[in-house]
Amino acid sequence: QDRFKVLSPHFYSSVKSDPCKAAQKWESKETLFGHDFVFVPVNEKNHWIVLILCYMPNVFKQTEPITDAQHLREKPQALILDSLGSGSTLGVGVMSKVRTFLRQRLQWEKANAKNFPIPQEQADEAKLR
(Lines give C-alpha, C1' and ligand atoms only; values in the text may rest on other atoms or scores of the structure.)
Protein backbone atom coordinates (compact mmCIF):
# COMPACT_ATOMS: atom_id res chain seq x y z
CA GLN A 1 0.00 0.00 0.00
CA ASP A 2 1.25 3.46 -0.85
CA ARG A 3 0.99 5.84 2.07
CA PHE A 4 0.50 8.89 -0.16
CA LYS A 5 -1.74 9.60 -3.13
CA VAL A 6 -1.74 12.89 -5.06
CA LEU A 7 -4.84 13.43 -7.16
CA SER A 8 -5.06 15.44 -10.34
CA PRO A 9 -6.66 18.90 -10.17
CA HIS A 10 -9.25 17.45 -12.58
CA PHE A 11 -10.49 15.22 -9.76
CA TYR A 12 -12.23 18.12 -8.01
CA SER A 13 -13.76 19.32 -11.28
CA SER A 14 -15.67 16.06 -11.59
CA VAL A 15 -16.58 16.06 -7.87
CA LYS A 16 -17.85 19.64 -8.08
CA SER A 17 -20.18 18.95 -10.98
CA ASP A 18 -21.74 15.77 -9.51
CA PRO A 19 -20.21 14.15 -6.40
CA CYS A 20 -22.48 11.08 -6.62
CA LYS A 21 -21.68 10.37 -10.25
CA ALA A 22 -17.97 11.02 -9.66
CA ALA A 23 -17.99 8.49 -6.79
CA GLN A 24 -19.05 5.74 -9.19
CA LYS A 25 -16.84 6.68 -12.13
CA TRP A 26 -13.59 7.65 -10.43
CA GLU A 27 -10.87 5.01 -10.79
CA SER A 28 -13.03 1.94 -10.36
CA LYS A 29 -10.01 -0.24 -9.56
CA GLU A 30 -8.48 1.87 -6.81
CA THR A 31 -9.63 2.86 -3.36
CA LEU A 32 -8.90 6.21 -1.76
CA PHE A 33 -9.33 4.59 1.62
CA GLY A 34 -6.10 2.59 1.30
CA HIS A 35 -3.79 5.61 1.57
CA ASP A 36 -2.75 7.33 4.78
CA PHE A 37 -2.65 10.73 3.08
CA VAL A 38 -4.55 11.84 -0.03
CA PHE A 39 -3.66 15.25 -1.46
CA VAL A 40 -6.42 16.98 -3.41
CA PRO A 41 -5.31 20.11 -5.29
CA VAL A 42 -8.24 22.40 -6.10
CA ASN A 43 -8.30 25.42 -8.39
CA GLU A 44 -11.53 27.26 -7.76
CA LYS A 45 -12.26 30.84 -8.86
CA ASN A 46 -8.59 31.38 -9.81
CA HIS A 47 -7.47 30.38 -6.30
CA TRP A 48 -5.59 27.24 -5.22
CA ILE A 49 -6.57 25.20 -2.19
CA VAL A 50 -5.07 21.89 -1.09
CA LEU A 51 -7.10 19.37 0.87
CA ILE A 52 -5.23 16.66 2.72
CA LEU A 53 -7.32 13.66 3.67
CA CYS A 54 -5.51 12.01 6.57
CA TYR A 55 -5.50 8.43 7.86
CA MET A 56 -8.10 7.15 5.42
CA PRO A 57 -7.55 3.43 6.29
CA ASN A 58 -8.61 4.22 9.86
CA VAL A 59 -12.17 4.76 8.61
CA PHE A 60 -12.39 0.97 8.87
CA LYS A 61 -11.05 0.54 12.38
CA GLN A 62 -13.55 0.21 15.16
CA THR A 63 -12.14 2.23 17.98
CA GLU A 64 -13.09 2.95 21.53
CA PRO A 65 -13.26 6.63 22.46
CA ILE A 66 -9.84 8.12 21.82
CA THR A 67 -8.07 8.92 25.07
CA ASP A 68 -4.39 9.27 24.22
CA ALA A 69 -2.61 11.79 22.00
CA GLN A 70 -1.03 9.17 19.69
CA HIS A 71 -4.37 7.73 18.59
CA LEU A 72 -5.96 11.16 18.35
CA ARG A 73 -3.36 12.05 15.73
CA GLU A 74 -4.39 9.01 13.67
CA LYS A 75 -8.09 9.87 13.56
CA PRO A 76 -9.41 10.25 9.99
CA GLN A 77 -9.63 13.94 9.23
CA ALA A 78 -9.33 16.51 6.49
CA LEU A 79 -7.06 19.52 6.47
CA ILE A 80 -7.74 22.55 4.28
CA LEU A 81 -4.68 24.53 3.25
CA ASP A 82 -6.06 27.84 2.05
CA SER A 83 -4.15 31.11 1.98
CA LEU A 84 -7.46 32.94 2.48
CA GLY A 85 -7.75 31.37 5.93
CA SER A 86 -9.52 28.47 7.55
CA GLY A 87 -12.88 30.24 7.62
CA SER A 88 -13.02 31.06 3.92
CA THR A 89 -16.35 30.13 2.36
CA LEU A 90 -14.49 28.80 -0.66
CA GLY A 91 -12.62 26.19 1.41
CA VAL A 92 -15.75 25.21 3.33
CA GLY A 93 -17.70 24.74 0.07
CA VAL A 94 -14.93 22.62 -1.44
CA MET A 95 -14.78 20.42 1.66
CA SER A 96 -18.54 19.95 1.63
CA LYS A 97 -18.42 18.59 -1.94
CA VAL A 98 -15.47 16.31 -1.13
CA ARG A 99 -17.25 14.94 1.96
CA THR A 100 -20.30 14.13 -0.14
CA PHE A 101 -18.03 12.39 -2.65
CA LEU A 102 -16.30 10.37 0.11
CA ARG A 103 -19.60 9.19 1.62
CA GLN A 104 -20.87 8.17 -1.81
CA ARG A 105 -17.55 6.52 -2.71
CA LEU A 106 -17.53 4.52 0.51
CA GLN A 107 -21.05 3.27 -0.21
CA TRP A 108 -20.04 2.39 -3.78
CA GLU A 109 -16.90 0.54 -2.67
CA LYS A 110 -18.88 -1.38 -0.04
CA ALA A 111 -21.39 -2.42 -2.72
CA ASN A 112 -18.52 -3.54 -4.96
CA ALA A 113 -16.47 -5.11 -2.16
CA LYS A 114 -15.14 -7.94 -4.33
CA ASN A 115 -12.88 -5.36 -6.00
CA PHE A 116 -11.78 -3.61 -2.80
CA PRO A 117 -10.28 -4.80 0.49
CA ILE A 118 -13.03 -3.20 2.59
CA PRO A 119 -14.15 -4.88 5.80
CA GLN A 120 -17.85 -4.07 5.28
CA GLU A 121 -18.83 -4.42 8.91
CA GLN A 122 -16.20 -1.85 9.87
CA ALA A 123 -16.67 0.84 7.22
CA ASP A 124 -18.18 3.70 9.16
CA GLU A 125 -19.62 6.60 7.18
CA ALA A 126 -20.05 8.60 10.39
CA LYS A 127 -16.25 9.01 10.53
CA LEU A 128 -16.41 10.93 7.24
CA ARG A 129 -18.57 13.74 8.62
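Predicted model: local features only at pLDDT ≥ 70, side-chain atom pairs only at ≥ 80, totals over all residues.
## Order along the chain

Residues are numbered from 1 along each chain as its sequence is written, and side-chain values use heavy atoms, leaving out hydrogens and water.

## The sheet

The 4 strands make an open sheet with mixed pairing, in the order E1-E2-E3-E4; two strands pair if DSSP finds at least two bridges between them. Strand E1 (4-6) and strand E4 (77-82) are at the edges with a single partner strand each, so one side of each has no neighbour in the sheet. From one strand to the next, the twist averages 20°, with axes fitted to C-alpha atoms and angles running from 0 to 180 degrees between N-to-C directions.

Strands E2 (residues 37-44) and E3 (residues 47-54) run antiparallel, joined by 8 bridges. Glu44 has His47 in E3 as its bridge partner.

## Helices on the sheet

Helix H4 (residues 89-111) packs on the sheet and touches E2, E3 and E4, contact being heavy atoms within 4.5 Å. Its direction makes about 40° with that of E3. Helix H1 (residues 9-17) lies across E2 and E3, at about 70° to E2.

## Burial

Of the protein's 129 residues, 43% count as buried, meaning under 20% relative accessible area with a 1.4 Å probe, protein chains only.

Definitions and conventions:
Helix = DSSP H or I, 4+ residues; strand = E, 2+ residues; numbered from the N terminus. Buried < 20%, exposed > 50% of the residue type's maximum accessible area, 1.4 Å probe, protein only.
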